[in-house]
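These are my notebook entries on one chain. I wrote down what I looked up, entry by entry.

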Amino acid sequence: MDRARITIFDTTLRDGEQSPGCSMNVQEKLRLAKQLERLGVDVIEAGFPIASDGDFEAVQRIAASVRRPIIAGLARACSGDVDRAWQALQGAAHPRIHVFLATSDIHLKYKLRITRERCLEQARDAVRHAKSLCADVEFSPEDATRTDVPFLCQVVEAVIAAGATTVNIPDTVGYTMPEEYGQLIRTLREKVAGIEKATISTHCHNDLGLAVANSLAGVQDGARQVECTINGIGERAGNASLEEIVMAMRVRPDRYPYETAVASEQLYSSSQMLAEITRVPVQPNKAITGRNAFAHEAGIHQDGMLKNPLTYEIMTPQSVGVPDSRLVLGKHSGRHALALRCEQLGHQFERRELDEVYRRFVVLADRIKKVQDSHLLELIQDVSSGHVGSAEVTGSQGRMIPPAAAAVTLARAVSAPANSNEAHPAHVSGNVGQATLLMPFTDQHSEQEEYLWGV
Ligand SMILES: [Zn+2]
């Protein structure tokens, strides 16, 4: 079956960067733009050149070194903005000027203080000017979802006649509902003369948590470009999340027979890079890229997962670039999951030994919410030495399955009382009484690195 191709327009560097705490410098934007190119997005909105010299430079540098995708620069509907955007895009292999102007009465009356007639004229003139410079012109009627529909149709028709090749329909304030947004796209397709000459685009904000649902509804009703951001960052509650849109289409082609050029295996690293650059962490339960997106704690889930991942997994972690699904060890975990984790840490147990490890594990898990690998290793040590004495510890080490990981020292002393200087990590390596165990490289880790457990 032929699937319609959806253009992915990434605005992480423009709309996303406008979110509080997410500003990036030129170097950081360039680094992220290169990752977006690897990810396979079709359009990168690199910035708003007239907004600042930094934005101008970022657009210019990205245009010069990121060659495959279209590079878009934003401009208000006036010649000064359009000229500045065009100047920044000079070195681009595939430049696009993105012009916007609000069209809702509330914006016209209180923000712009212009009439509808003036708005229509200004939109048409700005697009015509942009078109005289650049073949690829996008127009956005800001606050489209709160614009009088016949007037919106009039504006869209005028800008297409003036040369716009993409018309973007922003739900600027995150107000629309999926059926309503789909209906709006359908109306434009039915009422606007010349609509077939332009690509219709979605741009949805997440104020009611519906940005992705609204974007998908738009696509179902004929939109062929989606504007979105990595991790859904953006003004206020954010923009539609790129990774969620891409994976919704990939996991449910029966409902969404569309395809994108995104290399989904790059989603996780793109998300991590953005979080690292902005120092804004991804919420743990964020779909697709959150730390817990592929974690299973409940015993029955873990058991099912181990028997066949399809029981609880609708997509593999690998398909979005997450190295492995993480079985979180907590009080709801079962014996099977515990045994597997022990094996991954290099210890195989007989049934009787495992019973003892499991018994102690449950007591511990009752006290602390999440059992870390370091806790588990301590517990394994205790069981080994408690049962059979120190000589057997060596024996237990002899059964270790060395994972392809570096040998690091495990300081049991790390959790020793504070009055012991052994508690200081700086003293760990020289301690007597610590055991050297083979364990995955990332065992002693920060929250971020923790997600990479199982690499
Ligand atoms: Zn926006």
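Entry 1
Helices are DSSP runs of H or I with at least four residues, strands are runs of E with at least two, and both are numbered from the N terminus.

I then listed the contact, where contact means heavy atoms within 4.5 Å. H2 brings Asp-53, Phe-56, Val-59, Gln-60 and Ala-63, and H3 brings Arg-84, Gln-87 and Ala-88. By class, the contact of H2 with H3 has four nonpolar, two polar and two charged residues. Here Ala, Val, Leu, Ile, Met, Phe, Trp, Tyr, Cys and Pro count as nonpolar, Asp, Glu, Lys and Arg as charged, and the others, Gly among them, as polar.

Entry 1: what I am looking at.
This is a predicted model, in which local features need pLDDT of at least 70, side-chain atom pairs count only at pLDDT 80 or more, and totals for chains, interfaces and linings use all residues. Residues are numbered from 1 along each chain as its sequence is written, and side-chain values use heavy atoms, with hydrogens and water left out.

I counted 16 helices and 14 strands in the chain. Of its 455 residues, 51% are buried; buried means under 20% relative accessible area, exposed over 50%, and partly exposed in between, with a 1.4 Å probe and protein chains only. Among contacts between residues at least 6 apart in sequence, 73% join residues at least 24 apart.

At what angle do H1 and H10 pack? I found about 170°, with the axes 10 Å apart. H1 and H10 are therefore roughly antiparallel to each other. H1 runs over residues 26–39 and H10 over residues 267–278. On the H1 side I noted Glu-28, Arg-31, Leu-32, Gln-35, Arg-38 and Leu-39. They meet residues of H10, including Leu-267, Met-273 and Ile-277. The contact of H1 with H10 has six nonpolar, three polar and four charged residues.

Entry 2: the zinc ion.
Which residues coordinate the zinc ion? They are Asp-15 through OD, and His-203 and His-205 through NE2, at 1.9 to 2.2 Å. Donors are N, O and S atoms within 2.8 Å of the metal (3.2 Å for Na, K and Ca); water is not among the atoms, so sites may look incomplete. Along the chain the donors follow the spacing D-x187-H-x1-H. His-203 is buried, with a relative accessible area of 5%, and His-205 is buried at 3%.

Entry 3: aromatic rings.
I searched the whole structure and got two aromatic pairs. Rings of Phe, Tyr and Trp (its six-membered ring) pair if their centres lie within 6.5 Å; planes under 30 degrees apart count as stacked, over 60 as edge-to-face and the rest as tilted. Phe-48 and Phe-100 have ring centres 6.0 Å apart and planes at 70°, so the pair is edge-to-face. Phe-48 sits in the loop between strand E3 and helix H2, while Phe-100 is in strand E5, 52 residues apart. Both Phe-48 and Phe-100 are buried.

Entry 4: single residues.
I looked up Leu-133 in helix H5 (residues 116–133). Leu-133 is partly exposed, at 29% relative accessible area. Leaving aside neighbours within four places in sequence, Leu-133 is in contact with Val-82, Asp-83, Trp-86 and Ile-97.

Arg-236 has a positive phi of about 50° although it is not a glycine. Arg-236 is in the loop between strand E9 and helix H9.

Arg-279 also has a positive phi, of about 60°, and is not a glycine. Arg-279 lies in the loop between H10 and strand E11, and is exposed at 72% relative accessibility.

How values were computed:
Axes are lines fitted to C-alpha atoms, for helices over the stretch in contact, and angles run from 0 to 180 degrees between N-to-C directions. Angles under 35 degrees count as roughly parallel, over 145 as roughly antiparallel, 65 to 115 as roughly perpendicular and the rest as oblique.
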